[in-house]
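Colleague: I have a protein model open and would like to learn how to read it. Could you take me through it step by step?

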Amino acid sequence: MTAAAWDSINGFVSDVGWSFVFGLNVLLRSPWPVGSWFPDNAVSLMEYTHTRGYQVDWELGNEPDLLYKVEPRIPITPSELASDFKQLKTLVPKYSPQTKRIIGPDVATLTRHDFFKLFLDSIGTGVLDAITWHQ
């Protein structure tokens with residue numbers, strides 16, 4: 001995404017008075033494909049967002065319980081995703097201090113492979129400000 005596109009999206013969100021949640025790419029891993037989340041592009045986006053004064057809340061990934069279908073080379077477990085969110089939680093105060101919420105895990109279902117439950121068991125308290133899933 002270009003800076004101009006990001007500015008445009010944030011301008012629109014501000015104009016209509018909405019809250020903005022943006023999903024960061026959890027598939028960037030180091031070493032690829034089975035390492036931990038590699039947040040460099042997220043940090044760059046958070047820094048730019050902060051310098052522009054945009055209010056953005058963050059989530060990490062999309063439908064992680066379905067990744068095995070889309071990208072079988074990247075088997076992110078619930079506990080690995082919880083670790084990735086914990087890493088995001090440490091980055092936000094430094095690079096995106098205006099952020100009010102970190103949300104997730106944005107699973108497709110609450111029951112598939114017990115991913116949601118295992119994630120919640122692994123994440124503990126104090127990392128997420130809201131829990132998300134698709135209906």
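Predicted model: local features only at pLDDT ≥ 70, side-chain atom pairs only at ≥ 80, totals over all residues.

Colleague: Let's begin with the fold. How many helices and strands are there in the protein?

Modeller: Start by listing the elements, then read their order. Here the protein has 5 helices and 6 strands. Along the sequence, they come in the pattern α-β-β-β-α-β-α-α-β-α-β. The radius of gyration is 15 Å, close to the 14 Å that the globule rule gives for 135 residues, so the protein is as compact as a globular protein of that length. The C-alpha atoms fill a box of roughly 40 × 30 × 25 Å along the principal axes.

Colleague: Which residues have the most contacts inside the largest nonpolar core?

Modeller: That core has 32 residues, and M46, W58, F85 and L88 have the most contacts inside it. Several elements each supply at least two of its residues, including helix 1 (3–16), helix 2 (40–52) and strand 5 (102–107). Helix 4 gives the largest share, with 7 residues.

Colleague: Let me pick F85. What does F85 touch beyond its sequence neighbours?

Modeller: Leaving out residues up to four places away in sequence, F85 touches L60, I102, I103, G104, P105, F119, I123, V127 and L128.

Colleague: Now N10 in helix 1. Is N10 buried or exposed?

Modeller: Compare its relative accessibility with the cut-off: under 20% means buried. N10 is at 5%, so N10 counts as buried. Setting aside residues up to four places away in sequence, N10 touches F20, Y54 and V56.

Colleague: Why does K117 count as partly exposed?

Modeller: Partly exposed is the class between the buried limit of 20% and the exposed limit of 50%. K117, which sits in helix 5, has 48% relative accessibility and therefore counts as partly exposed. For distance, compare sequence with space: K117 and P78 are 39 residues apart in sequence, and their C-alpha atoms are 8.5 Å apart.

Conventions:
Residues numbered from 1 in each chain as written. Heavy atoms only, no water. Helix = DSSP H or I, 4+ residues; strand = E, 2+ residues; numbered from the N terminus. Rg over C-alpha atoms; globule rule 2.2 N^0.38 Å. Core = buried A, V, L, I, M, F, W, Y, C linked by side-chain atoms within 4.5 Å. Buried < 20%, exposed > 50% of the residue type's maximum accessible area, 1.4 Å probe, protein only. Contact = heavy atoms within 4.5 Å.
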